[in-house]
Each structure stands twice: as structure tokens, then as C-alpha cells.
Amino acid sequence: MAGKPTLHYFDVNGRGEVCKIVAAIGGLDIDFKEYPFVANGASTADKLKAGKVESEHTKAATAMGMDGCGLPIIVHGDLKVNQSFACQNYFANLGQQAGKYPKVTPAQQVVDDMFQGALEDVMGLAAGVILSGGDGALVPVAMSKILTHLTKYLPADGVEKFVHGYDTPTIADVCILVLTQALIPFNATLGDGAAECYGKFPKAVALGERTAKFPAVAEWLTNEHCNLKKPPRAART
Ligand SMILES: N[C@@H](CCC(=O)N[C@@H](CS)C(=O)NCC(=O)O)C(=O)O
């Protein structure tokens, strides 16, 4: 595939940051096109109810032949795709080709996919609190439900490895980092209740911290395009 991939996403964590962290683990050289965070809802129902929004990202999507597609979008040569799972898996595959991202087995891949689905479930709920007046009291409930389940797959106490037993994180570990540390939408919607909610899941918190310390991820977290813990640019001082 000729040239560098371009990742199109907003100026917040949302559904874009897993792609970016996976790309960092794989040592990928990618371009970033960042848009001001403007959305008309989190779910398809809310978006359809609110009607089409005219913004920088919707105009750009239309111009690149991806009319109506939400972000993230990856453009790589002739390839243009949206959907966060597709984008995340694509960068993981490129990282495998580069010899830096672990070559996961089918059984490990399906676990990574399960973590992506769990992240998406609570992402939609928490984003709906920010964008569509959803009930914020449901965020700690959903987060607890998801972390209770995912904790069954995390390394045992004292094992300083990642979910699949490698010394390098995969998508599952990155999902845990985002679930436990991201500002938008998780910490922003958990608010003062964040410490209590995450306090019940020490294994997940520890894995998020371990993933953040992995050298390629630690370096990424200082990159200007990393939005893991940042509010939208317009709200930054
Ligand atoms: N199922 C899609 C959802 C994409 C989506 O809704 N993305 C949000 C940002 S996280 C968005 O672009 N919202 C604005 C829009 O749809 O125009 C995915 O996983 O990528």
C-alpha cells in the first residue's frame, strides 16, 4: 500500500484513540486530520432524530466519498474505511506486518474483538450522556458491568504481562487503558464518582497503567495528537 495512512478523527478521545495507540505500538507512521468535536448524537436513533449536521467533519466525509460516515475514517492509498473496529484492526495488522505488534492467534483475536465490543457498548452509553441528554447515573453501572466481565480475562495478580501473556500490549490492553483513563466520555461522565467506580477494579486500573508505561505508548501519550485525557481544543486553556 503506497504512502502513509491518514486517520480522520475529532479533537477528543472518543472512538479515535484506540486506533492511535495501536498505531503507536505497531510503530506506524500516520498522518492525523483532526476536526472540532461536533456531533448530533451518539446512537443512530439520536443522530437520525436530530437530522444531518453541517460541520467540518461531515463536509470532509462527503468530499472524500464517505458521506454520512461517522469518525474514525482511515484513508490509505485507494483504501477508505470507517467503523472503529475496522480501523483498529487494520492498524494492528499493519503493525504485525511491521513486526512490532504481536501476531495474535485466532483465539486471542476474538478476545481482542470482545474487548472492542465492550468498549463500544459503554462508549455509546457515555457519549449519549454528553451528546443527547442521556442519564449519567447509568455510566458507573455500565462501566462496572463491563469491567466485571473483562476482569476475568486480565493477567493474574503479580503477572507483569499483557492480556495474551505477551510483553507487548494488544487491542485488549489498549481498550482497558482507554476505559480506565480516557476523559471523553468516561471520566467526564463519571465525574466525582470516577474514583469510586474504578476503585472496584484494581486489576483493570493496574493493566491500564502498565499499558500506559509500555515505551511506545508512553511516548505516544506525550504526542500533541494524543487526546486521551484532553477536552476538545476549544475548551483547552
Ligand atoms: N459504529 C461507528 C460509530 C461512529 C461514530 O458515531 N462516531 C462518532 C464519533 S465517536 C461520530 O463521528 N459522530 C458524528 C457523526 O456521526 O457525524 C464506529 O464504531 O466507528
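This briefing walks through a single predicted chain, from its overall layout down to individual residues.

Welcome to the structure. The model is predicted, so local features need a pLDDT of at least 70 and side-chain atom pairs count only at pLDDT 80 or more, while totals for chains, interfaces and linings use all residues. Residues are numbered from 1 along each chain as its sequence is written. The chain is divided into domain 1 (6-99 + 223-230) and domain 2 (106-216), with bounds that come from an automatic or database domain assignment.

**Confidence**

- The average pLDDT of the chain is 97, and 100% of the residues score at least 70; pLDDT is the predictor's confidence in each residue, from 0 to 100.
- Helices (H or I, at least four residues) and strands (E, at least two) are DSSP runs, numbered from the N terminus.

- The centres of domain 1 and domain 2, taken over C-alpha atoms, are separated by 20 Å.
- Domain 1 gives 22 residues to the contact and domain 2 gives 19 residues; two residues are in contact if their C-beta atoms, placed from the backbone, lie within 7 Å.
- On the side of domain 1 that touches domain 2, the elements giving two or more residues are helix H1 (17-25) and helix H4 (84-97).
- H1 supplies the largest share of that side, six residues.
- The residues of the side of domain 1 that touches domain 2 divide into 11 nonpolar, six polar and five charged. Here Ala, Val, Leu, Ile, Met, Phe, Trp, Tyr, Cys and Pro count as nonpolar, Asp, Glu, Lys and Arg as charged, and the others, Gly among them, as polar.

**Helix H1, a covered element**

- H1 is mostly covered, with nine of its nine residues buried. A residue is buried if 20 or more other C-beta atoms lie within 10 Å of its own, exposed if 12 or fewer, and partly exposed in between, with C-beta atoms placed from the backbone.
- The buried residues of H1 include Glu17, Val18, Cys19 and Lys20.
- Strand E1 (6-10), H4, H7 and helix H11 (215-220) are what the buried residues of H1 pack against.
- Just after H1 comes Gly27, with a positive phi of about 65°.

**Strands E1, E3 and E4**

- E1 pairs with E3 in the antiparallel sense over three bridges; two strands pair if DSSP finds at least two bridges between them.
- E3 and E4 also run antiparallel, joined by four bridges.
- Ile74 in E3 is the bridge partner of Leu7, and Ile74 also stands opposite Val81 in E4.
- Another residue facing E4 is Ile73, which stands opposite Asn82.
- The hairpin formed by E3 and E4 has two residues between the strands, and Gly77 in the turn has a positive phi of about 60°.

**Around the ligand**

- The ligand is surrounded by Gly14, Arg15, Ala39, Lys47, Thr58, Gly70, Leu71, Pro72, Asn82, Gln83 and Ser84; a residue is near a molecule or strand if its C-beta atom, placed from the backbone, lies within 6 Å of it.
- The shell around the ligand divides into three nonpolar, six polar and two charged residues.

**Backbone features to look for**

- Most residues other than glycine have a negative phi, and most peptide bonds are trans.
- Leu71 and Pro72 are joined by a cis peptide bond with omega about 10°, and Pro72 is found in the loop between helix H3 (56-63) and strand E3 (73-76).
- The peptide bond from Ile184 to Pro185 is cis too, with omega near 5°, and Pro185 has its place in helix H8 (residues 183-190).
- Gln83 is not a glycine, although its phi is positive, about 85°. Gln83 lies in the loop between strand E4 (79-82) and H4, and it counts as partly exposed because it has 15 C-beta neighbours inside 10 Å.

**At the start of the chain**

- Ala2 lies in the segment before E1 and counts as exposed because it has 6 C-beta neighbours inside 10 Å.
- Ala2 and Gly41 are 39 residues apart along the chain, and 35 Å separate their C-alpha atoms.
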